[in-house]
Amino acid sequence: MKRAIVEVVLVLALCAAGAFGWVTLRNGNQASSNLVELESKVKATEELVKDSEKKIKSAGEVLAVMNAEVVPLRAKALELEAVKAALVNGSLLQDVETLYKQQKVLSVERQLGLGALRLLTKGGSDPGVAEAYQKALQLSDWSSRKNTICAAQIGLAATGEKIKVMSECAIQPPAAPLHGEPAAAGHQAADTSKDHGKGGNGGKEDASAHAAPHWGYEGAMGPERWGSQFPVCGTGQSQSPLNIKGPFVKGRIGVTADYKVGPLRLLNNGHTIQVNVPDGSKLRVDGVPYDLVQFHFHRPSEEQIDGKPMEMVVHFVHKGAAGKLVVLGVLLKEGNENPGIKTLWSHAPAVEGPEVAPQEVVFNPGNLLPKEFDFYSYEGSLTTPPCTEGVRFFILRTPVNISRDQVSGFPFRRNARPVQPLNQRIITIG
């Protein structure tokens with residue numbers, strides 16, 4: 001009996017011990033699982049903290065750069081306030097305007113300076129500010145004076161004029177020195193738009209462009225490399241010039257030229273011979289007037305007819321009220337001496353330099369036009385950097401004579417961009 005009782009007690013004790021062990025094991029497994037989960041959360045939290053620390057460090061670096069950029073901006077703001085305070089009485093502006101009235105024609109730089117002086121003295125609401133900037137734009141050489149054009153466009157925008165400032169004119173903030181290094185001195189200038197036709201400068205750089213990206217018609221920055229500095233030249237889908245060949249579409253556009261006699265003003269800009277034209281000469285496209293701004297020459301002709309260029313071409317550049325550029329091209333073929341070319345060549349500077357205005361010499365651009373006004377037309381671009389698109393071309397189908405000696409007398413051996421892909425464009429005839 002006692003033995004049975006002992007066995008029962010032992011069995012119960014064994015059962016109790018087993019139950020206790022099982023409970024202990026289950027609790028241990030649960031604790032282990034909780035520990036693993038906790039360790040995972042701790043690790044994730046540590047990674048989150050590290051990531052936050054990196055972001056805080058990065059934000060601190062950005063803030064430091066921004067603070068460094070603010071310093072020169074504050075200095076520039078103080079300089080501007082000092083200049084405005086000195087000009088507020090208007091005495092200097094009055095003196096400059098009195099001096100300039102004695103001159104028949106103001107250079108583009110003086111027109112631009114006059115606009116800036118009026119803006120600082122009288123503010124953007126003064127109509128004289130916009131007038132000065134508009135004249136500066138009209139006189140600007142659009143393929144080598146990017147800084148001048150940008151200054152005039154930004155000045156007009158400051159007056160409230162509705163003008164599209166070129167993307168090349170975006171104002172860049174001064175670069176902040178990093179890691180204690182001095183800021184590098186740099187000059188940003190790119191050739192741009194009004195004279196779509198300036199080209200290879202034979203190794204010379206326009207002084208007004210200072211350290212502008214160099215481009216030409218041969219060598220390391222020939223036409224095939226323009227896109228490296230001026231992206232549109234490489235990626236644009238409506239580039240000029242074209243090889244003009246059929247099939248053509250008959251157009252219903254009326255084009256007439258009304259060019260006036262005016263003082264002769266010539267410029268050798270290192271890329272071409274350019275004739276700047278006074279106000280008054282116009283091209284009308286379906287009755288819409290476009291002011292003739294200047295005309296210039298390319299050798300050989302940039303446009304080809306059925307794959308063949310002519311000896312030269314003259315491009316008449318016009319600008320509409322909304323800023324639209326229209327180019328009238330006249331092909332020059334070898335033949336008899338051209339009286340108009342003779343006048344121009346006898347006064348054209350042989351080397352690059354400032355504009356010249358021969359005393360008492362006048363010229364009518366219409367002297368270079370043929371009697372017939374049938375044309376090819378297409379939508380294209382400036383034929384020089386930055387190759388801006390949206391330029392309408394009218395190439396007259398009837399060429400004008402130029403003698404062999406006159407072709408040889410042109411001071412540029414070659415300044416023509418190669419023809420560009422048509423890319424689904426339509427060439428119309430009229």
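**Salt bridges and their surroundings**

Analyst: Arg284 counts as partly exposed because its relative accessibility is 32%, where partly exposed lies between buried (under 20% relative accessible area) and exposed (over 50%), judged with a 1.4 Å probe and protein chains only. Before going further, please note that this is a predicted model, in which local features need pLDDT of at least 70 and side-chain atom pairs count only at pLDDT 80 or more, while totals for chains, interfaces and linings use all residues. Residues are numbered from 1 along each chain as its sequence is written, and side-chain values use heavy atoms, with hydrogens and water left out.

The side chain of Arg284 meets that of Asp258 in a salt bridge, at 3.8 Å from N to O; the term stands for a side-chain nitrogen of Lys or Arg within 4 Å of a carboxyl oxygen of Asp or Glu. This pair links distant parts of the chain, since Asp258 belongs to strand β3 (residues 255-258) and Arg284 to strand β7, 26 residues apart. Strands (E, at least two residues) and helices (H or I, at least four) are DSSP runs, numbered from the N terminus. Asp258 also forms a salt bridge with Lys260, and here the closest N and O atoms are 3.2 Å apart. Asp258 counts as partly exposed because its relative accessibility is 30%, and Lys260 counts as partly exposed because its value is 41%.

Another salt bridge joins Asp291 and Lys282, with the closest N and O atoms 2.4 Å apart. Asp291 has a relative accessible area of 34% and is therefore partly exposed, while Lys282, at 25% relative accessibility, is also partly exposed. By the rule given above, the count comes to 8 salt bridges.

The loop between β7 (282-285) and β8 (288-298) holds Asp286. The phi of Asp286 is near 50°, a positive value in a residue other than glycine, and Asp286 counts as exposed because its relative accessibility is 52%. Cys387 likewise has a positive phi, near 60°, and is a residue other than glycine, but Cys387 counts as buried because its relative accessibility is 0%. Cys387 is placed in the loop between β14 and β15.

Pro386 is found in that loop too, between β14 (375-381) and β15 (389-396), and the peptide bond from Pro385 to Pro386 is cis, with omega near 10°. A cis peptide bond also joins Gly246 and Pro247, where omega is about 5°, and Pro247 has its place in the loop between β1 (243-244) and β2 (249-250).

As for the whole, the protein chain has 8 helices and 17 strands, and buried residues make up 40% of its 430 residues. Among contacts (heavy atoms within 4.5 Å) between residues at least 6 apart in sequence, 67% join residues at least 24 apart. The accessible surface of the protein chain comes to about 24000 Å², of which 57% belongs to carbon and sulfur atoms; such areas come from the Shrake-Rupley method with a 1.4 Å probe, and for residues only the protein chains shown count as cover.
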